[in-house]
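Hi,

Here is the structure I said I'd pass on. Have a look at it first, and my notes on the salt bridges follow below.

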Amino acid sequence: MDIYNIAYIISNRGAALFQNYLILEKLKDLCSNKLVFFTEECEGEKLWGDQTLDKITITKNWKKEREEICDYINDVCTDRKIDLIILSSGKLLCGKLLDNFKYKILNTHPALLPSFKGYNVQSKSWKFNFRFMGITTHFIDAEVDEGNLLCQGCMPFNYDKTYEENLEEWFKLWKIVQMNTIYLIITNKLTIVENNATFSDVVFNTSIVTPKSNSIFMSNYISNLIN
């Protein structure tokens, strides 16, 4: 089985992704964490600071020099033979990076796409008494919150609890859906056919995440988080 070389792009603290990165560090037979880009000075630099992967902080202005920055990230990732780029970033990507890493840049959106695009979607859903909170993973393209939808997770808001208590459960859901997707990718269970995601060895059911990997690893991972 191929070893996936992974890079990360962070523009915030990246706490959920960091916890999944620590799990991925134990899967040496499946993947190798190579480097992390920080799109600016951010809390993530401290959180990820003690880790052994290479770290690059972008000092250019993203709004004014976005294409130049993305070309640089593309060149570094190409040189390092990166197979998968995982985002915890609100920055729009462009140029050669999107072209050369098509179906290789994974984003985790904090709601159910395509219905709930944009920012602060969970707080808006809570404010308007929406029934569910969700997570969607997708490969990105040039449009905001577009690209190939991969996995989704959903659970009900509990209005007997505070918004902050609901966010704690949502944070667990984020980690589950994200790790489930990563695991499907690095175990070669996910392919793109005619611009649509297809899966093998997965379960489609009414559980909190679908499609869900059939692996014992993912079953244990989910159980440890929700129990």
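I count 9 salt bridges here, taking a salt bridge as a side-chain nitrogen of Lys or Arg within 4 Å of a carboxyl oxygen of Asp or Glu. Bear in mind that this is a predicted model, where local features need pLDDT of at least 70, side-chain atom pairs count only at pLDDT 80 or more, and totals for chains, interfaces and linings use all residues. Residues are numbered from 1 along each chain as its sequence is written, and side-chain values use heavy atoms, with hydrogens and water left out.

One of the bridges pairs E43 with R13, at 3.9 Å from N to O. E43 sits in the loop between β2 (31-38) and α2 (44-47) and R13 in the loop between β1 (4-10) and α1 (15-24), so this contact ties together parts 30 residues apart in sequence. (Helices are DSSP runs of H or I, at least four residues, and strands are runs of E, at least two, numbered from the N terminus.) E43 is exposed at 53% relative accessibility, while R13 is partly exposed at 42%. For those words, buried is under 20% relative accessible area, exposed is over 50% and partly exposed is in between, with a 1.4 Å probe and protein chains only.

Then there's R80 with D54, whose closest N and O atoms are 2.8 Å apart. That pair also links distant parts of the chain, 26 residues apart: R80 is in the loop between α3 (62-79) and β4 (84-88), and D54 is in strand β3 (residues 54-57).

Finally, K60 and E65 meet at 4.0 Å, N to O, and shared partners join K60, E65 and E68 into one network.

Cheers
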